[in-house]
Amino acid sequence: MAPNPREPNPIDRHVGSRVRLRRQMMEMSQEKLGEELGVTFQQVQKYERGANRIGAGRLWHLARVLEVPVSFFYDGATSTAQQPTGFAEGDQTPIVNDFLQSPDGVALAQAFSKITDPKVRRRVLELVRSLADSDQAGE
């Protein structure tokens, strides 16, 4: 089946999701990012959804504003563009990206990254796994 030409390109969606992720990590609003880029917040929304492509010059400007290298926006893009086939579990990148795009995911990742003691990090991970297991058992 041929892809719908009106649908956003998977790479454009991926780049947009990375823009959103970084903006949220910096606790920056769409309005503020739009001001920095000289566009409306609606345009930022379209970039983040992948509905509008981000040109090379604008992507370079975005990288400067969001304090990341341009390559940041393409990290994990190959797995996003290709769908796993058959019953293989496939790459977990889409699950991680979805999690990190949620406000709770960003907050959890930020808080977890501040924990420097490896033993404490392991305990937090064990706690989260335990809570997930007990939540699934209750279904």
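Author: Of the 139 residues in the protein, 27% are buried, where buried means under 20% relative accessible area, exposed over 50%, and partly exposed in between, with a 1.4 Å probe and protein chains only. This is a predicted model, in which local features need pLDDT of at least 70 and side-chain atom pairs count only at pLDDT 80 or more, while totals for chains, interfaces and linings use all residues. Residues are numbered from 1 along each chain as its sequence is written, and side-chain values use heavy atoms, with hydrogens and water left out.

Reader: What is the mean pLDDT of the protein?

Author: The mean is 83, and 81% of the residues reach 70 or more; pLDDT is the predictor's confidence in each residue, from 0 to 100. Over residues 80-89 the pLDDT stays under 50. Where pLDDT is low, the predicted coordinates should not be read in detail.

Reader: How many helices and strands does the protein have?

Author: There are 8 helices and 0 strands. Both are DSSP runs, numbered from the N terminus: helices are H or I with at least four residues, strands E with at least two.

Reader: Why are the rings of Phe72 and Phe73 called an edge-to-face pair?

Author: A search of the whole structure finds 1 aromatic pair. The ring centres of Phe72 and Phe73 are 5.6 Å apart and their planes stand at 80°, so the pair is edge-to-face. By definition, rings of Phe, Tyr and Trp (its six-membered ring) pair if their centres lie within 6.5 Å; planes under 30 degrees apart count as stacked, over 60 as edge-to-face and the rest as tilted. Both Phe72 and Phe73 are buried. Arg18 lies over the face of Phe72, at 4.0 Å from the ring centre; the criterion is that NZ of Lys or CZ of Arg is within 6 Å of the ring centre and within 35 degrees of the ring normal.

Reader: How do you know that the buried residues of H2 line one face of the helix?

Author: The buried residues of H2 are Gln30, Leu33, Gly34 and Leu37. Seen down the axis of H2, they fall within an arc of 100°, so they line one face; the arc is that of the directions from the helix axis to the C-beta atoms. Their cover includes H1, helix H3 (41-49) and H4.

Reader: Which residues have the most contacts inside the largest nonpolar core?

Author: They are Val19, Leu33, Ile54, Leu62, Leu66 and Phe73, in a core of 19 residues. H4 gives the most to this core, with 4 residues. A nonpolar core is a set of buried Ala, Val, Leu, Ile, Met, Phe, Trp, Tyr and Cys residues joined through side-chain atoms within 4.5 Å. Not counting residues up to four places away in sequence, Val19 touches Leu33, Glu48, Ile54, Leu62, Leu66 and Phe73, a contact being heavy atoms within 4.5 Å.

Reader: What makes Glu27 count as exposed?

Author: Glu27 has 66% relative accessibility, and therefore counts as exposed. Glu27 is found in the loop between helix H1 (10-25) and helix H2 (30-37), and has a positive phi of about 55° although it is not a glycine. Most residues other than glycine have a negative phi.
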